[in-house]
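Subject: Structure handover

Hello,

Here is the structure I said I would pass on. My notes on what was found in it follow below.

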Amino acid sequence: MYMFQISSTEIHRMTCNFQPPKNPKFPSPTSNIQLLNSQLLLYLCALIMAKRKLQQFAEFKELDKTFDFPYDMKGKWKQDVFQNDNPLVLELGCGKGEYTVALSKQYPEKNFLGIDIKSNRMWRGALTAKELGITNAGFIRMIINNLTAIFDEAEVDEIWITFPDPFPKDRHAKHRLTSSTFLPLYKQVLKPGGVVNFKTDDTPLFEYSLEVLKEHNITPQEVNWDVHGNSDSHPHLREIRTYYENKFAAQGRTIKYLRFTF
Ligand SMILES: C[S@@+](CC[C@H](N)C(=O)[O-])C[C@H]1O[C@@H](n2cnc3c(N)ncnc32)[C@H](O)[C@@H]1O
């Protein structure tokens with residue numbers, strides 16, 4: 001399909017190995033050629049990656065149980081998509097859908113929907129689900145802020161939020177998936193007693209989330225500051241690990257978990 005494939009590690013290696021001219025005011029002709037070559041290479045790589053993304057966007061739409069801003073599905077997910085009355089579980093900001101796929105394998109008696117704005121990432125999860133013959137998982141491309149336009153009141157049984165972007169700057173706090181922007185949406189779509197599971201490596205985000213829950217008079221059902229080090233936690237919290245979880249744990253960062261209901 002492509003003339004050649006280049007991984008991001010290779011691009012990094014090639015561009016980082018380039019030595020800039022010693023005296024930038026009077027670059028030698030050779031360094032000018034080197035500079036041109038490296039810029040050309042970068043441009044070529046960006047072009048290949050953009051083409052690959054476009055292809056993944058298109059392929060995502062063709063895969064089973066994938067949806068693009070499905071505003072006509074409100075209240076119909078269990079019956080129309082899964083054709084059963086099993087509990088409906090969402091993973092918000094699912095990225096490549098690793099958690100959604102792993103949970104759907106572990107709990108065939110539940111229905112799972114991974115949600116993210118980036119369908120080129122979810123393409124990976126949807127393709128894996130297809131390859132594994134998983135029928136109880138699907139993926140939705142949408143902005144999580146529109147959750148109540150896509151799910152009816154009390155339509156959802158459980159929510160997972162795994163390793164969301166921490167948005168460390170104060171002025172971006174409203175984008176954090178545990179901020180007051182999102183909690184009312186979760187409350188509306190969750191059935192009474194439905195739980196939100198939240199997993200992160202990011203200590204400030206974890207502390208912030210606990211603070212927001214306090215502001216909303218919510219007492220968490222479980223707060224675990226070290227999932228991998230605490231054998232009391234539910235085994236699947238340790239068994240299911242995404243790319244990010246493995247990466248952060250390898251860096252010596254503790255994985256934190258909290259569960260709450262409204
Ligand atoms: C850091 S990644 C985590 C991916 C995955 N949960 C994991 O653990 O591998 C966060 C994901 O959340 C998505 N995201 C963040 N805010 C979002 C929003 N408001 N609506 C839709 N997707 C969002 C991003 O596109 C990104 O793919």
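Helices (H or I, at least four residues) and strands (E, at least two) are DSSP runs, numbered from the N terminus. Two strands pair if DSSP finds at least two bridges between them.

This is a predicted model, in which local features need pLDDT of at least 70 and side-chain atom pairs count only at pLDDT 80 or more, while totals for chains, interfaces and linings use all residues. Residues are numbered from 1 along each chain as its sequence is written.

Overall, the protein chain has ten helices and eight strands. It has 262 residues, and 30% of them count as buried; buried means that 20 or more other C-beta atoms, placed from the backbone, lie within 10 Å of the residue's own.

The sheet

The eight strands form an open sheet with mixed pairing, in the order β1-β4-β3-β2-β5-β6-β8-β7. At its edges are β1 (66-68) and β7 (222-224), each of which pairs on one side only. From one strand to the next, the twist averages 15 degrees. Helix α5 (residues 119-131) packs on the sheet and touches β1, β3 (111-116) and β4 (137-141); contact means C-beta atoms, placed from the backbone, within 7 Å. The direction of α5 makes about 165 degrees with that of β4, where axes are lines fitted to C-alpha atoms, for helices over the stretch in contact, and angles run from 0 to 180 degrees between N-to-C directions.

Strand β2

Strand β2 (residues 88-92) is largely enclosed by the rest of the structure, because five of its five residues are buried. L88, L90 and L92 point one way from β2, and V89 and E91 point the other way. β2 runs parallel to β3, with five bridges between them, and E91 has G114 in β3 as its bridge partner. Four bridges join β2 to β5 (residues 156-162), also in parallel; here L92 is partnered by I161.

Strands β6 and β8

β6 (residues 190-200) and β8 (residues 256-261) are antiparallel and share six bridges. V196 stands opposite F260 in β8.

The ligand

Which residues are closest to the ligand? They are G93, G95, I144, F163 and T242, out of 18 that surround it; a residue counts as near if its C-beta atom, placed from the backbone, lies within 6 Å. The shell divides into eight nonpolar, five polar and five charged residues. Here Ala, Val, Leu, Ile, Met, Phe, Trp, Tyr, Cys and Pro count as nonpolar, Asp, Glu, Lys and Arg as charged, and the others, Gly among them, as polar.

Regards

Key:
Two residues are in contact if their C-beta atoms, placed from the backbone, lie within 7 Å. A residue is buried if 20 or more other C-beta atoms lie within 10 Å of its own, exposed if 12 or fewer, and partly exposed in between; C-beta atoms are placed from the backbone.
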